Amino acid sequence: MSKTANWNYPTSVRFGAGRIKELPALCQSLGMQRPLLVTDRGLGTAPITTATLALLQDAGLGAAIFSDLKPNPVGANLDAGLAAYHAGKHDGVVAFGGGSGLDMGKLIAFMSGQARPVWDYEDVGDWWTRADPRGIAPIIAVPTTAGTGSEVGRAGILTDERTHTKRIIFHPQMMPKIVISDPELTVGMPAWVTAGTGMDAFSHCLEAYCAPGFHPLADGIAVEGMRLVQQSLVRAVRQPDDLDARADMLAAAAMGATAFQKGLGGMHALAHPIGALYDTHHGMTNATLMPYVLKFNRSAIEERITRLAAYLGLANPGFDSFLDLVMRLRSDTGVPHSLAELGVDDGKTALIAQMAVVDPSAGGNPLPLSEASVSQLFSDALHGRL
């Protein structure tokens, strides 16, 4: 079966190998003549990035690149990106890369015509209505990892260095106008990045599925997203040039980000402060936390997980067989068993607990999170006590 298609769900997605070649024409279709290609430092000089920039320039577009951003982008990175955008007289953004490049590209496009500080548009209540929609530049998103799903999202995550907290900046028009999902662009990912981003997609689907509330659309997307990860993540890690596996993972990433409109939970509530304080890889942090949070929530999700295990074709479908699947996926893809293996220590336990319970993801956890329960969860994950 050909894994090439055009989707509108809800943004326009050009999915399939080799479709990056359509980028110049798609830029022009949105009125972009001087796009700014935004990516992270690690990708700034990578062959796929320089080739994409050349593709734009060879088509006569006044394209330039901005890549001065950290793996967990901060406000200063956004300021530098906006300065580059205005200095180059750009008229749109190509957000290129993993979560950091995609989020920063969206944030630069969003803030390019706003008058207030970025923190005034945090995803709190109706703060997004403070923005002037006429000041939001068009965005094309090109994921080069398969995890965050930021290419189909309406928000960007930015670390506030003053408080060491990750904040979600939201506006409906931050959703890219067009997405190019080309599995060929993900072939060069190192195995650990493939694993971490893939498990991030799995965590998005899993937490969305377990979040309380009635949202069968999100639930259906989430369970199929998990099946694709189950089917293809290990293959993508071990056989990086397997385009079918890479395509499955790109699809699962977009599905996770679509499904988590329903909600997230304890994995993300903990991963956000841990990432902000220790600069850990977000997907690997979620993957490390996964079995501990699952076990914590068991009483509230056991029936749901049993249905999921049956859909995934697990023998003796139930909570234990699903937990075994999670442990096997982690083991087969090199995910650490404890947070200590990610360089995390117990020096900030109280602060992490305080930050986690007020994180926007905490409200979606199937069981209430308190500072005491989060401290215990964190300690268990830190020391590998499952």
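**View 1. Two domains, with bounds that come from an automatic or database domain assignment.** In this predicted model, local features need pLDDT of at least 70 and side-chain atom pairs count only at pLDDT 80 or more, whereas totals for chains, interfaces and linings use all residues. Residues are numbered from 1 along each chain as its sequence is written, and side-chain values use heavy atoms, with hydrogens and water left out. The assignment gives domain 1 as 12–186 and domain 2 as 191–383, and their C-alpha centres lie 25 Å apart. The contact (heavy atoms within 4.5 Å) takes 22 residues from domain 1 and 26 residues from domain 2.

**View 2. The area buried between domain 1 and domain 2.** About 1,900 Å² is buried between the two domains, with 63% of this given by carbon and sulfur atoms; buried area is the accessible area (1.4 Å probe) that two parts lose on being put together, summed over both. Between domain 1 and domain 2 the count of salt bridges is zero, a salt bridge being a side-chain nitrogen of Lys or Arg within 4 Å of a carboxyl oxygen of Asp or Glu.

**View 3. The side of domain 1 that touches domain 2.** The residues on this side divide into eight nonpolar, nine polar and five charged, where Ala, Val, Leu, Ile, Met, Phe, Trp, Tyr, Cys and Pro count as nonpolar, Asp, Glu, Lys and Arg as charged, and the others, Gly among them, as polar.

**View 4. Residues 194–381, with helix assigned from DSSP runs (H or I, at least four residues) and strand likewise (E, at least two).** Over residues 194–381 the chain is 72% helix and 0% strand, with the end C-alpha atoms 22 Å apart.
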